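Take a look at the structure below.

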Amino acid sequence: MPGVAASGLQLVHATDSELFAGLATGDLGPLGELFDRHHASVRAFAERVLANPADADDLVQETFLTASRAAASFTPGAPAKPFLLGIAAQLARRKRRSFARLRELLASFEHAPMAPRATPEDDLVTGQESAQLNAALGRLPHRHREVVLMVDLGGLSGVEAAKALGIPAGTVWRRLHEARVQLRARVSRRTT
Amino acid sequence: LNHPLCDRAPLVEAMVDGRLGPSDHASTERHLLTCRSCAELARELSALQVLLRSTSRPILPLQHQRARLALLRGAAGPATAKRRPRALLVAVLLTLPVAAWAATSPLSPLRLVDKASQASTPSAPATDAGRRKHSPQPPRSREVAAPSVETVVPETPPASEVPSTSPQQEPARATPSVSSSRAPSGTRIHRQTPVRPESGASAAQDFAEAMHALSRGDFSASAKQFEAFASAHAQDPRVEEATYLTAIALERSGRISDAKAAAERYLALYANGAHRTYARRIVTE
């Protein structure tokens, strides 16, 4: 029956915790429902946290696959988004290291039409200011970018972001402040 | 940022982040009514959040469904993905007895090489032991299913590998060709890469030309060049990229069925490759 997991869980009405609990038992049914609920947030994060947004598809998929394998470590009752963004951030860090050579190799390719963003049409749709913001985000150090994306884009609290990234909350606030200073400076300087 | 910062600016940011207690929150809110720079800062911080969230690109339903399908396939599919390396391992293990036979049997032509080498130079056994490992099995190095590579062309070993002092070097020189062409008889078609001193520079140039063709939009030529690169430089670390980019170039040149075949070839060779997601998308589109 559609919408019902092998464990008998009513997917649409289940809480995130119940979905993760179902996943932890080896039932893959809840994975699609979790994807439907949270893929937009994970994707928005993935597109901006990676130097090459073309890798976002891979990162989103890997995030949910990893989440399904790590479902047993999900704290019952906790919100799913920090858990998923935390996984995405860790994978993005690893990807940055392992794909450094690949990115170099495909540097010219990134400017070919395959790159999914930064086309003139996109700029028209999303607006000049948004394009500037994306460019400014791209210039931030990675550790600043992931924090500002988690909090200001993903809506996580500083404490949730700290837990997801495995760093002290004070470090999150400091990086967040520095990232915002740079973003505001770059966006407002270019618009004035 | 054009306004002078007030001493209470950090409190404004803390308020926006929900870090203040009720009384500090209330007093900071009152402060905003009178301080122009702090009010401006609060507006900018909120605007930044709004702007960040508004720039998220909408995901088309079809795109969502494809990604969802790919995810569920990926979650259910590790068994099939793992089976390939296992199959490769089985194939390797099956070829080992043949290699062992070729190395030890008195009937093996390779045996003659050993005897000839041992008789000629004292340092030869080490060299031959190395060759014994590699000669019957060069096929395992890289499988290429490209239509252009359908025959096995045994390479004559470089002169440096053959002891030049041996009086029996003529028959010995011929035997590696025999053994290497015999080994793949029970396995898939493989290719050997000629050892060329200039292959590194040549590979880099070939790859760069193919990339250049791709970036200038000459997809047809680029596909051919990437395919040729994968055939000519099978040992090059960029072969995975070349195999994947062949599919991309074919897709862009409008040869969809060829692109799908190329993407399938990529997935067959690199089940866990970096571009598996996009390659799968090409196959399923």
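The text below starts with the interface and then turns to the rings.

This is a predicted model. Begin where chain A meets chain B. The contact draws 50 residues from chain A and 41 residues from chain B. Interface size is often quoted as the accessible area lost when the parts come together. Here, the area buried between chain A and chain B comes to about 4200 Å². Carbon and sulfur atoms give 62% of that area.

The rule finds 6 salt bridges across the interface of chain A and chain B. One of them can be located by name: D36(A) pairs with R68(B). Their closest N and O atoms are 2.8 Å apart, which counts as a salt bridge because the cut-off is 4 Å. Between chain A and chain B there are also 11 residue pairs in polar contact, with both residues at pLDDT 80 or more.

Which elements of chain A give two or more residues to the side that touches chain B? They are α2 (29-49), α3 (56-69), α5 (100-105), α6 (107-110), α8 (128-139), α9 (142-153) and α11 (169-191). Of these, α2(A) gives the most, with 11 residues. Sorted by class, the side of chain A that touches chain B has 28 nonpolar, 8 polar and 14 charged residues.

Next, the rings. Over all chains, a search of the whole structure finds 8 aromatic pairs. A pair of aromatic rings is described by the distance of the centres and the angle of the planes. Take F20(A) and F74(A). Their ring centres lie 4.1 Å apart and their planes meet at 20 degrees, so the pair is stacked. F20(A) sits in helix α1 (residues 16-24) of chain A, and F74(A) in the loop between α3 and α4 (80-98) of chain A. The pair therefore ties together parts that are 54 residues apart in sequence.

Are F20(A) and F74(A) buried or exposed? Both F20(A) and F74(A) are buried. F20(A) has 1% relative accessibility, and buried means under 20%, so F20(A) qualifies.

F20(A) has another ring partner, F83(A). This pair is edge-to-face, at 5.2 Å centre to centre with 85 degrees between the planes. The pair also links distant parts of the chain: F20(A) belongs to helix α1 of chain A and F83(A) to helix α4 of chain A, 63 residues apart. Put together, ring pairs join F20(A), F74(A) and F83(A) into a cluster.

How values were computed
Residues numbered from 1 in each chain as written. Chains lettered and ligands numbered in written order. Predicted model: local features only at pLDDT ≥ 70, side-chain atom pairs only at ≥ 80, totals over all residues. Heavy atoms only, no water. Contact = heavy atoms within 4.5 Å. Buried area = accessible area lost by both parts, 1.4 Å probe. Salt bridge = Lys/Arg side-chain N within 4 Å of Asp/Glu carboxyl O. Polar contact = N/O pair within 3.5 Å; in protein donor to acceptor, adjacent residues only side chain to side chain. Helix = DSSP H or I, 4+ residues; strand = E, 2+ residues; numbered from the N terminus. Nonpolar A, V, L, I, M, F, W, Y, C, P; charged D, E, K, R; others polar. Phe/Tyr/Trp six-rings, centres within 6.5 Å; stacked < 30°, edge-to-face > 60°. Buried < 20%, exposed > 50% of the residue type's maximum accessible area, 1.4 Å probe, protein only.
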